[in-house]
Amino acid sequence: MRQKITVVGAGQVGATCAQRLAERDYADVVLVDIVEGLPQGKVLDMNQSGPIVGYEPNHTGAGDYEEASGSDIVIITSGSPRKPGMSRDDLLEVNKSIVGDVAGQIAEKAPDATVIVVTNPLDAMCHAAYDALGFPRQRVIGMAGILDSARFRTFIAWELGVSARDVTGFVLGGHGDTMVPVVSYTSVAGVPIRQLLEDERIEEIVQRTRDGGAEVGKLLQTGSAFYAPSAAVAEMVDSIVLDQKRILPCAALCQGEYDIDGLFVGVPVRLGHDGIEEILQIELTDEERSGLSHSADSVRELVDAMAKL
Ligand code: APR
């Protein structure tokens with residue numbers, strides 16, 4: 001049976017997600033936004049590409065959550081971008097309210113859904129969604145690690161002149177300046193990256209990865225990345241819908257894993273039909289472990305700041 005997937009937020013990330021998922025043709029997509037006509041218009045256009053691209057034009061745009069009833073998966077991309085003069089706390093407050101409100105509606109209309117959070121600041125927004133949803137931790141997942149890892153893998157592929165598909169690597173920790181690209185597990189066709197690149201060059205690539213979102217945003221001037229973020233969401237959705245059990249870096253609520261308790265942090269998870277089926281605990285070098293702990297501290301700071309708003 002076809003799945004029902006609701007994407008909340010018909011902006012750059014949400015609409016691109018909807019399009020990527022429509023092209024999979026395994027689900028009917030419901031796109032929701034508060035801007036009147038925006039989700040309806042984008043979905044009408046999306047449906048009309050069905051006959052050309054080759055998928056069923058069964059998608060719906062909506063201004064409320066009626067159509068989202070019984071969704072199997074919900075993707076939250078709704079949010080306000082950071083505007084000039086807005087402090088980090090202002091953005092936290094606005095997006096906490098948007099994500100909390102959306103999650104409350106989802107809890108009512110789609111109580112069995114697996115929810116993927118995309119809105120930034122990601123780790124804090126996972127908490128906002130988790131609190132409002134009241135779902136088990138297996139069904140609340142943040143998208144960040146796949147995106148950060150894809151940036152890391154792209155830069156390595158360019159550096160070595162090899163196919164990006166042969167570069168394995170992943171990024172753990174919070175989705176911010178403290179993220180931890182895990183160099184010890186990064187390889188090209190199985191060959192450890194440290195055998196292929198000098199430490200100094202690896203460090204430059206790690207830094208470019210940390211600044212990856214800002215680099216795109218600076219070029220765009222208005223708005224932020226959406227092609228790679230939506231591709232990352234689609235990879236997560238594939239793993240859930242098709243029960244692929246991919247091992248992917250995602251923000252998950254840690255409860256003691258990696259000595260992190262009660263925080264959403266990017267960790268390797270096994271994603272399948274039931275959402276997060278396992279948080280994999282891999283051995284890290286001392287430096288990576290302390291990097292992860294430092295990153296968890298900054299997530300904690302953000303979550304504490306949000307709690308005071
Ligand atoms: N309910 C539904 N939609 C909402 C709500 C709400 N309460 N509040 C805002 N929106 C919608 C806006 O109307 C807008 O169409 O969310 C959409 C956000 O789209 P964009 O501004 O284009 O932002 P986008 O680039 O898609 O990024 C969305 O993902 O990667 C993150 O940092 C990014 O937090 C941002 C989010």
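**Exercise 1. Where does Glu67 lie, and is Glu67 buried or exposed, or partly exposed, in this predicted model?**

Solution. Begin with the secondary structure: Glu67 is found in the loop that joins strand E3 (60–62) to strand E4 (73–76). Next, consider accessibility. The relative accessibility of Glu67 is 39%. Partly exposed covers values between the 20% limit for buried and the 50% limit for exposed, so Glu67 counts as partly exposed. Then list the contacts, setting aside neighbours within four places in sequence: Glu67 touches Lys4, Val30, Thr60 and Ala62.

**Exercise 2. Describe how helix H6 packs against helix H7.**

Solution. Two quantities are required, because a pair of packed helices is described by the angle between the axes and the distance between them. Here H6 spans residues 145–160 and H7 spans residues 199–210; the angle is about 140°, and the axes are 9 Å apart. An angle must be over 145 degrees to count as roughly antiparallel, and the roughly perpendicular range is 65 to 115 degrees; H6 is therefore oblique to H7. As to handedness, the crossing of H6 past H7 is right-handed.

The next step is to identify the residues. H6 contributes Asp148, Arg151, Phe152, Phe155, Ile156, Trp158 and Glu159, which meet Arg201, Ile205, Val206, Arg208 and Thr209 of H7. By class, the residues of this contact comprise six nonpolar, one polar and five charged.

**Exercise 3. Which residues does Arg151 contact, leaving aside its neighbours within four places in sequence?**

Solution. First locate the residue: Arg151 belongs to helix H6. With those sequence neighbours left aside, the contacts of Arg151 are Thr209, Gly212, Gly213 and Ala225. Of these, Thr209 is also among the H7 residues that meet H6. Last, check the accessibility of Arg151: the value is 11%, which is under the 20% cut-off, so this charged residue counts as buried.

Notes: Residues numbered from 1 in each chain as written. Predicted model: local features only at pLDDT ≥ 70, side-chain atom pairs only at ≥ 80, totals over all residues. Heavy atoms only, no water. Axes fitted to C-alpha atoms, helices over the stretch in contact; angles between N-to-C directions. Helix = DSSP H or I, 4+ residues; strand = E, 2+ residues; numbered from the N terminus. Parallel < 35°, antiparallel > 145°, perpendicular 65-115°, else oblique. Left-handed = near helix turned anticlockwise from the far one by under 90°. Contact = heavy atoms within 4.5 Å. Buried < 20%, exposed > 50% of the residue type's maximum accessible area, 1.4 Å probe, protein only.
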